[in-house]
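The sequence and model are shown first.

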Amino acid sequence: MAYKITLIPGDGIGPEITEVAKRCIETTGLEIEWDIKMAGEECIEKFGTPIPEETIKSIENNKICLKGPITTPIGTGFRSINVFLRQYFNLYVCLRPFKIYKGAKTKYENVDIVVIRENMEDLYSGIEFEKGKEDTKELIKFIEKKRKIKLSENTGISIKPISVENSERIIRFGFEYAKKNKRKKVTVVHKANIMKYSDGLFLEVANRISKEYPEIEYEDKIVDNMSMQLVQKPEIYDVLVCPNLYGDILSDLCAGIIGGLGLSPGANIGEDIAIFEPTHGSAPKYKGQNKVNPSAMILAGVLMLDYLGEIEAAEKIERALAQVIEEGKYVTYDFKNSGEECVGTFEMGKAIIEKMGGKW
Ligand code: NAD
């Protein structure tokens, strides 16, 4: 079956790494029609927006998108396109696998963690009250009246909503993912001892849903303890399910454990639309230099093929990438100590494609 996939090269280092990922995917022999669409800084002049309508329509129609990193323009009034896309398409799951590949620059071994982060609510819902504004003063009065807590009038307030509905769907997704991928343990992360009605609710839902999956080991961990445990013994963790903020922070912690953002892909998944991307940004200072690591972008492609059920093709790419990293000959600067010989983005891509039996 031929797939039609929206491909957004993005900006900064995006076009270089997406080119490599695209060629790796094509080398699997799958039939793919790429619907290449623009987004990012360059669109502002042409379309007056960093995310043109035709790009949004393409994702809506194809339902699947591979996306390079996109710069969030500062001082133009445009907010993050990445956040916009997640909210617009209701992509409530952020899935990020963290696996150590032999040859990666890390002190750890045998780590294979998947972080599943709720993507829509929590402190990211954008409900904010600025210090000194009229409605903030009203809210402060309301809190004083209802909770007998007097806040300083110089207080800014961010609201943290966590609902049963959103908690249910992310926790269920976590358990279903574990079941489908033969994972053994789900750890739900929270701070329910302090935030009883938001994190407490998340935990309550997790306790309930976990009972439907007796074959999967279940535990919960308070986020501060979880952070320490991850640093001390990351190899004992499997699938982590987190509300938005803890998921964000622990994801970067896990990226640090496995050797950096250059190796960490992400998927934003909704009911029927999914967007796959590397989790690093557009690193504008390296734009057009054939320098950066294409692995996270290639692994985003692997995640996408997994999602499409093209397991063999996904494994083929991942195996070749792992071999190239382990051999350590055709790898980018971030795998090496400064002064050691390395190659560029395209040379690493070429080595991976040749390992797959293809030709650049
Ligand atoms: P960044 O991830 O782009 O880069 C930070 C540093 O990480 C780089 O200078 C580089 O040293 C290293 N790095 C990043 N990717 C690498 C790779 N593939 N190989 C080797 N080294 C790599 O973060 P930033 O500089 O904070 O952000 C730049 C822009 O990207 C901002 O506009 C930001 O908003 C945007 N951004 C976009 C996304 C996305 O599209 N999903 C995610 C994060 C940041």
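## Domain organisation

The protein chain is divided into domain 1 (1-92 + 262-360), domain 2 (107-121 + 164-258) and domain 3 (123-160), with bounds taken from an automatic or database domain assignment. Residues are numbered from 1 along each chain as its sequence is written, and side-chain values use heavy atoms, with hydrogens and water left out. The model is predicted: local features need pLDDT of at least 70, side-chain atom pairs count only at pLDDT 80 or more, and totals for chains, interfaces and linings use all residues.

## Interface of domains 2 and 3

Taken over C-alpha atoms, the centres of domain 2 and domain 3 are 30 Å apart. Ten residues from domain 2 and four residues from domain 3 form the contact (heavy atoms within 4.5 Å). Between the two domains, about 540 Å² is buried, 56% of it from carbon and sulfur atoms; buried area is the accessible area (1.4 Å probe) that two parts lose on being put together, summed over both.

One salt bridge is counted between domain 2 and domain 3 (a side-chain nitrogen of Lys or Arg within 4 Å of a carboxyl oxygen of Asp or Glu). A salt bridge joins the side chains of Asp199 and Lys160 at 2.8 Å, N to O. Helix α9 (residues 244-258) supplies four residues, the largest share of the domain 2 side that touches domain 3; helices are DSSP runs (H or I, at least four residues), numbered from the N terminus.

## Ligand site

The ligand is surrounded by 19 residues, the closest being Thr72, Gly281, Ala283, Asn293 and Tyr333 (one heavy atom within 4 Å). A backbone N or O atom of Ala283 lies 2.7 Å from a ligand oxygen atom, and one of Asn293 lies 2.9 Å from a ligand nitrogen atom.

How values were computed: Helix = DSSP H or I, 4+ residues; strand = E, 2+ residues; numbered from the N terminus. Polar contact = N/O pair within 3.5 Å; in protein donor to acceptor, adjacent residues only side chain to side chain.
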